[in-house]
Every structure is written in C-alpha cells, then in structure tokens.
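Hi,

Here is the structure I promised to pass on. Have a look, and my notes on chain B follow below.

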Amino acid sequence: MSVQDTTDILDRLAGVVPGSALDALRRERPQTRDNVQASYAALFEAPDETGVTPSERLAVASFVALLHGGVPVAAHYLDLLEAHPDGAALAAAIRNQARQAAGSGPYGAYPPGPLSREDVAGPVFAVEGADRAALGERLSAALAHAHRLVLHPRDAAAADLAALQTAGWSTAAIVTLSQLVAYLAFQIRAAHGLRVLAA
Amino acid sequence: MSDITLERPAATAPNAFTQAELGWEAWIDPVPEAALTERQKEGLVDIARAKSAYFRLLAHDPDILRARTLADKDIFYNSRAGLPRAERELAAAAVSRSNGCIYCASVHARFASTFSKRRDDVQRLLDEGTGVDIDPLWNAVIEASVALTATPIAFGPEHVRKLRDLGLDDLAIADLIHAASFFNWANRLMLSLGEPETQA
C-alpha cells in the first residue's frame, strides 16, 4: 500500500501511508477525519451553488498554497487547475503573481489603542500588469482578498468586501471564497504538522 | 448646556484582548433567521446557532458550514484520550492571539480558563502576548501553535520533540496540530467577514 492508494485528501497531502501509525492515529478521530474530507468535497467536488466556478476555486486554492510555500499542496491544486480548459494560462498567471506576492505573516494593524505597539507593517497586494488582463477583474479581486487572509488577516475591513462586490462577487460567493481560503489555511497546516509528526 | 442623552452609545470595536464576552457584527448580510431553508438549518448543526449573525452568514453556503462545524466540534469536544480540553483551548487562544483575532481569542481564552481553572495564566497570554513564560507545557503548546500559524509555517521536529519530552503522546500532539490548524481557519472567517463589538 502507498499514499497513492488513499482517496482521503489530507492523507494524500500529508503523505499518510495506509496501515501506518499515522493512519491509525487519524482513525482514532473518525468524525474529524470524515468532516475534513467532507469540507474538501463541499468546496472542490460538489456542484457549484454559490456562483464560484470550479476553475476560480482551483485558481484561488493554487495561489493560497503557493503563498504558503507548500510544494505538495500547491502541486495538487495546480494540476487540477491545468486540467481545465484555459487552466494552463490561469496557472501561469497564478504562479507569476504568487512569486511577487509571497511574504511572511501574520502581519497587520490593530484598532488604535494599546495593541498599536504590536502593529507590523507589510504590503497590500493587488494584481497588476498583463496578469490582471489574463485573470480578469473578478479573479484579481479574489486574489487580493486571499493574500490579505493568508498573510495579514487582521487588516481585513468592510471596504474589502465592498471591493469584492464591485468586482462581481455576491454575498454567497464571498462566503464560499472566504471559506475556501480559510479551509486551505487549515489544510496546509494540518498536512504540514502531520508530516512532521510522522517523520 | 445640552440635555443628557438617553440613547445607548454606539457599539465600539474593542482595541485590546479580553476574556469578556464580545458581540460580532457582520459586514455583509446574513440569511435572515425566518428565511433559513431546511438545508441551511442542517448546515448550522445546532439550531441555537440561528441566533448568531456569524453562523447565519456562513449559512449562505450550508454544506461547507456543516462539515466545518462537525470537524470543529470533534477537534475541541471529543475528550476521549489525547490532549486535554484546556490545552486545546489554549492552542486556539494562542493562534488567535498571534493572528490578531480579538473576538476568537475572547471566546477561547474563556474556555481555556474554564477547563484549566487558571484564569490569570490565560490572561497573561492575552496581556503579554505569545512570548509569555507560563510553565514548560503551556509554553510548548503556545510555541507550537504560533509556529503552525506563521507563514511560511515554522513548525518542525523540535516542537514535536519538546512536546513528547513533556509527556504528550502522538494522539495528543495530533490533537494540538488539529486545534491550532483549525483556528487558522476560524480566525480568517471571523476577521474577514465582520468585526467584534464591545457589549453595552
């Protein structure tokens, strides 16, 4: 048995081999294991009901994974994206943007007050140049949102959601987009942590 | 001289970490309680959550809400072996302190205080930050949680070794990895879809 024999996404990303000690450990928490998988299925395998297309989901997921520098996770989403019609061009633009957007987090500012001394300045990302045309306004706005959530979530403000709405994102689509970025932040860390634990 | 106003002051955003109960206001429209579909109610899992603007906002996409909620409940409430609940909540509070989620930190610092009976130690995490020196086990739980929260992720074999040396078995360490990782999910939703408000 090898890691290729499992259909569980976190097992695949964490390199959990069926029958291994880590496999047994994950099966000690079946409700967690099943619902981490169900979360992935809801975001990436179920028919879209909130107006976020499959290629948009995979493009954002690829960008989020690349921002984390996680090779196995980024490869998973980029491979799926590239299998879509127009996916190869999107993946190229995503790779290029992620290279420019990479950084260290979490940074950001607190509401003015005693925590202001802990404020850490950092870049606010926007897609520019030829990639903005390749990705379009809608996906470019989503990547700006994703970058903020990944690297400086405490900077989030109501105006950011207004910007998404202006770019064509409905309320339900914003919820899906935010869940997707936030789920990836979980999935990438859980996969990394379990991989370290098993080493 | 002006009349004394009898209006309540406008809700204000808290600017410090606290264990007090905070409110949370959505920036975009939650599903109205009376309009929740059966599927959205299933997404809430616990129907009492229909009173919460946060969960009614997430109910716009009910299937991911349901799976998220069931994972959350097991990661934090399944007390069969593994990491004690106090340390799971401590991990959630430490991640929230690191990311800067004042609302999440308030809820999970309270839970950590309830389960550990060490309210003053929990308050030191909030007041002094994640570099606080409490005791070897809590320091190690906080360090591992913060390392998992960093981007790029800074969690490595040295964290696992320290936790094992302090007596945690691999199931407990896996529980810690799940709790800290899960709050990197939760913080990003709470921080990006609305904001906390001080209760009147």
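First, a term: I call two residues in contact when their C-beta atoms, placed from the backbone, lie within 7 Å. Helices (H or I, at least four residues) and strands (E, at least two) are DSSP runs, numbered from the N terminus.

Keep in mind that this is a predicted model, where local features need pLDDT of at least 70, side-chain atom pairs count only at pLDDT 80 or more, and totals for chains, interfaces and linings use all residues. Residues are numbered from 1 along each chain as its sequence is written, and chains are lettered from A and ligands numbered from 1 in the order in which they are written.

Chain B has 9 helices and 2 strands, running β-α-α-α-α-α-α-α-α-α-β along the sequence. Its C-alpha trace spans about 60 × 50 × 30 Å along the principal axes.

Now α7(B). What do the buried residues of α7(B) pack against? They meet α9 (171-198) of chain A, along with α4, α6 (119-128), α8 and α9 of chain B. Buried here means 20 or more other C-beta atoms within 10 Å of a residue's own C-beta, again placed from the backbone; W138(B), I142(B) and L148(B) are among them.

As for the interface, 47 residues of chain B are in contact with 54 residues of chain A. On the chain B side, α9(B) gives the largest share, 16 residues.

Cheers

Notes. Buried ≥ 20, exposed ≤ 12 C-beta atoms within 10 Å, placed from the backbone.
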